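This report goes through one protein chain, from its overall make-up to single residues. Please keep the sequence and the model in view while reading.

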Amino acid sequence: MKFIRNLLAAALIAASVLAPIAQLAEAATPNVTPGAGQVVVIPLHISGQYTANTTAVARLTLPFPAAVLGVSASARASGGTSPTLTVDVLEGGVTILSAPVAVTAGAVAEATVTDKDLADEAAITVNLAIGGTSPTWNDIVVLVTLFRK
C-alpha cells in the first residue's frame with residue numbers, strides 16, 4: 001500500500017512539473033475543443049496567372065461574426081526573375097495580419113493574425129503584391145480558418 005501511495009505521489013509531482021512545459025507548445029492554427037462551436041474553413045482559389053499588384057482579387061461578406069484561427073497562402077508556380085508575392089487579408093479595408101504573408105511557389109506560408117475578431121457582415125478582401133522582373137504567379141490559394149461566434 002505504501003508503494004502505491006509513493007508511486008501516486010511521484011506521478012503527481014511529475015505531472016505538476018511537466019504541465020507548464022506541455023502548455024508552451026501550440027499549434028500554428030489553434031485547435032478548438034470538439035463541441036465548442038463551428039470551425040469554418042474558407043478556401044479562396046485565385047486561379048490563373050497574375051503579373052502585377054491586384055487589389056481585392058477575392059472578396060466575400062461573412063454571414064456571421066467570427067474569430068480568425070489562421071490564414072495561410074500558397075501558389076502552384078512562379079516565373080520571371082526573382083519573383084515575389086505577398087498576400088494580405090483585410091476586413092473593411094484594414095489588414096487583419098501583422099504583415100502580408102510572403103509566398104514561395106509550391107509551399108504553404110502561415111500568416112500571423114493580429115485582428116482575430118471579424119464582425120457580422122464584414123467585407124473580407126484579399127490583396128496581392130507582386131514584384132520582380134517579369135514576375136508570374138499561378139493558381140494562388142488563400143485559406144482562412146474561422147471559429148463561428
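## Basis

The model is predicted, so local features need pLDDT of at least 70 and side-chain atom pairs count only at pLDDT 80 or more, while totals for chains, interfaces and linings use all residues. Residues are numbered from 1 along each chain as its sequence is written, and side-chain values use heavy atoms, with hydrogens and water left out.

## The chain as a whole

The protein chain holds one helix and eight strands. In sequence order the pattern is α-β-β-β-β-β-β-β-β. Helices (H or I, at least four residues) and strands (E, at least two) are DSSP runs, numbered from the N terminus.

Of the 149 residues in the chain, 34% count as buried. Buried means under 20% relative accessible area, exposed means over 50%, and partly exposed lies in between (1.4 Å probe, protein chains only). The chain exposes about 8,700 Å², and carbon and sulfur atoms supply 60% of that area. These areas come from the Shrake-Rupley method with a 1.4 Å probe; for residues, only the protein chains shown count as cover. Among contacts with a separation of 6 or more, 83% are between residues 24 or more positions apart. A contact means heavy atoms within 4.5 Å.

## Strand β3 and its partners

Two strands are said to pair if DSSP finds at least two bridges between them. Strand β3 (residues 66-91) runs antiparallel to strand β8 (residues 123-148), and 21 bridges join them. Along this pairing, Ala75 stands opposite Ile140, and Leu85 has Ile130 as its bridge partner.

Strand β5 (residues 101-102) is joined to β3 by two antiparallel bridges, with Thr86 opposite Ala102. Strand β4 (residues 94-95) is likewise antiparallel to β3, with two bridges, and Glu91 has Val94 as its partner. β3 and β4 form a hairpin with two residues between them, and Gly92 in the turn has a positive phi of about 60°.

## Other partners of β8

β8 is also antiparallel to β1, through 10 bridges. In that pairing, Trp137 of β8 is the bridge partner of Tyr50.

Most residues other than glycine have a negative phi. Which place does Glu121 take in the chain? Glu121 lies in the loop between β7 and β8, and has a positive phi of about 65° although it is not a glycine. Glu121 is exposed, with a relative accessible area of 53%.

Ser134 is another non-glycine residue with a positive phi, of about 50°. Ser134 is placed in strand β8. At 60% relative accessibility, Ser134 counts as exposed.

## A loop residue: Thr112

Thr112 is in the loop between β6 and β7. Beyond its neighbours within four places in sequence, Thr112 contacts Ile96, Leu97 and Ser98. Thr112 and Pro100 are 12 residues apart in sequence, and their C-alpha atoms are 8.6 Å apart in space.

## The cavity

Rolling a probe the size of a water molecule over the atoms shows where empty space is left. On a 1 Å grid over the protein atoms alone, a cavity is a set of points where a 1.4 Å probe fits but cannot get out, and lining residues have an atom within 4 Å of a point. Grid points are joined across faces, edges and corners, and a volume is the space filled by probe spheres set on the points.

By this rule there is one cavity of 30 Å³ or more, and the largest cavity has a volume of about 50 Å³. Its lining consists of Ile42, Leu44, Leu60, Leu62, Val89, Ile96, Leu118, Ile124, Val144 and Leu146. β1 (39-50) and β8 each supply at least two residues of this lining, and β8 gives the most, with three. By class, the lining has 10 nonpolar, no polar and no charged residues. Ala, Val, Leu, Ile, Met, Phe, Trp, Tyr, Cys and Pro count as nonpolar, Asp, Glu, Lys and Arg as charged, and the others, Gly among them, as polar.

Notes
On a 1 Å grid over the protein atoms alone, a cavity is a set of points where a 1.4 Å probe fits but cannot get out, and a pocket is an open set with protein on both sides within 12 Å along at least five of seven lines; lining residues have an atom within 4 Å of a point.
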